[in-house]
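Hello,

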Amino acid sequence: MNYKKDKVENINIAYIGGGSRGWAWTLMADLALEEKLSGSIRLYDIDANAAYDNEIIGNRVTKKNGAKGKWTYSAVKSLKEALTDTDFVLISILPGTFDEMESDVHLPEKYGIYQSVGDTVGPGGIARALRTIPMFTKITEAIKKYSPNAWVINFTNPMSVCVRTLYKVFPGIKAYGCCHEVFHTQELLIDMLKDMKNKTGIKREDIKVNILGINHFTWLNEASYQGMDLMPIYKEFVNKYYEDGFQKGSTNHWMNSYWHSAEKVKFDLFKRYELIAAAGDRHLAEFFPSNWYLKDPETAAKWKFRLTPVSWRKNNKKELIEKAERLINGEEEFEIKASGEEAVEQIKAILGLEDLITNVNLPNLGQLNDFPKNVIVETNALFRKNTVKPIAAGALPNEIHNIEITHILNQETVVEAVLNKDIDKVFRAFLNDPLVIGAVLDRNDARELFDNMVKNTKKYIPWIK
């Protein structure tokens, strides 16, 4: 890397999962809009053709009018080639295919277990972790060998499991995990201020929050805008919209989208605990017993969110492949627009161009003082030149802590079990998951479901016969 006044040139970035037809394009746009950074991006993917497609698309983006950041994209064939002499490593992979995810999400439905996402906790999250941990073990070993001093940024779910594996395999790694769920809650607070106080023109970064919890199960116990305490206003907001929910515009209505909700789960959790749940309803619902929000599709509809079928994801993948072909053939123009993600801002801060405070997933070094040491937690952190330091967030109330700790210890159990090749220990974690407990399965039925899910994903787990 070369520093030139307030710019940094010749940055080397390795993108693991570089054939992505979603997040990769987001990154391309954000990098093109940033004039202070430039360099090269090596795209590695087990789908080599997809990585090569993104090489073509990325190099066209950097040549477009309006592209301020100049980058060279190249598809590479090995982790060694991607990682050697790399400054940053970005990991954004799909662990397996949507065929495996179809089993993760829909096989449990035959046993009365419904999941709205199925990628973090619940039966789907555990099955996904079984695939992911061996993949991340291989990636981490390569990072340790070829780029031990690189900063590693993970975007893959299950987030906590992924980041924990990075540190378990390579304790000296400089890694953290990013998720945009909290951003959406900050945006909800902006909508609240417009609705309740007629305030407009507020930016997301103007909403100051304290973050506590684990990924997709985070909470705000403090929120402010220009010194104004937002917690009392949020209480009024919840009371106003508790019955009908809150929707911003018809295009994002929960009935027309698998991705949006009317915030009723979030509002109900505030009624229960008087803290703001900071993730989206679809993720939050999966952390609680199934009879709360996920007894069946009708119960989810009562809470005004939908279960995302994997068939939608498969159809969307086909559409994205077709879009990639249009971009490559010049039949569609790549639109360079800011995504609202923060990866580029984080890179700038680590390079010393600015300071940044934002929420990330890191080992617990005391930032959550009521959680075990080294488990992966999500809090705010200070980004500054070559450092990412977690900010002390305090502690959650006991009634929330008790639910959080169940998931933390389950995730710990799964990571340890897979690294030690102990499938029976994974099953014990499976039995302890609130969605499984809520389904009131006897042990034999639970084992039958677990074994069938493992069977459908075992080709990614080399030690399972």
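For helix packing, an axis is a line fitted to C-alpha atoms over the stretch in contact, and angles between N-to-C directions run from 0 to 180 degrees. Please keep in mind that this is a predicted model.

Helix 5 and helix 15

Helix 5 (residues 122-146) packs on helix 15 (residues 398-419) with the axes 10 Å apart and an angle of about 55°. Helix 5 is therefore oblique to helix 15. Their crossing is right-handed. From helix 5, the contact takes in Ile126, Ala129, Leu130, Ile133, Pro134 and Thr137, and from helix 15, Val414, Val415, Val418 and Leu419. Sorted by class, this contact of helix 5 with helix 15 has 9 nonpolar residues, 1 polar residue and no charged ones.

Helix 4 and helix 13

The axes of helix 4 (residues 98-106) and helix 13 (residues 310-329) come within 9 Å and cross at roughly 160°. Angles over 145 degrees count as roughly antiparallel, and helix 4 and helix 13 are therefore roughly antiparallel to each other. The crossing of these two helices is right-handed. Helix 4 contributes Phe98, Asp99, Met101, Glu102, Val105 and His106 to the contact, while helix 13 contributes Val310, Arg313, Lys314 and Lys317. The residues of the contact of helix 4 with helix 13 comprise 4 nonpolar, 1 polar and 5 charged.

Which residues of helix 8 (residues 231-241) are buried? They are Met231, Ile233, Tyr234, Phe237, Val238 and Tyr241. These residues lie on the same side of helix 8, because they cover an arc of only 150° around the axis. In an α-helix there are 3.6 residues a turn, so residues three or four places apart point the same way.

As for helix 9, helix 8 packs with it at an angle of about 120°, and their axes are 10 Å apart. The two are therefore oblique to each other, and the crossing of helix 8 and helix 9 is left-handed. In this contact, Met231, Tyr234, Lys235, Phe237, Val238, Asn239 and Tyr241 of helix 8 meet Lys266, Phe267, Phe270 and Lys271 of helix 9. By class, the contact of helix 8 with helix 9 has 7 nonpolar, 1 polar and 3 charged residues.

Regards

Methods. Residues numbered from 1 in each chain as written. Predicted model: local features only at pLDDT ≥ 70, side-chain atom pairs only at ≥ 80, totals over all residues. Heavy atoms only, no water. Buried < 20%, exposed > 50% of the residue type's maximum accessible area, 1.4 Å probe, protein only. Helix = DSSP H or I, 4+ residues; strand = E, 2+ residues; numbered from the N terminus. Arc of directions from axis to C-beta. Parallel < 35°, antiparallel > 145°, perpendicular 65-115°, else oblique. Left-handed = near helix turned anticlockwise from the far one by under 90°. Contact = heavy atoms within 4.5 Å. Nonpolar A, V, L, I, M, F, W, Y, C, P; charged D, E, K, R; others polar.
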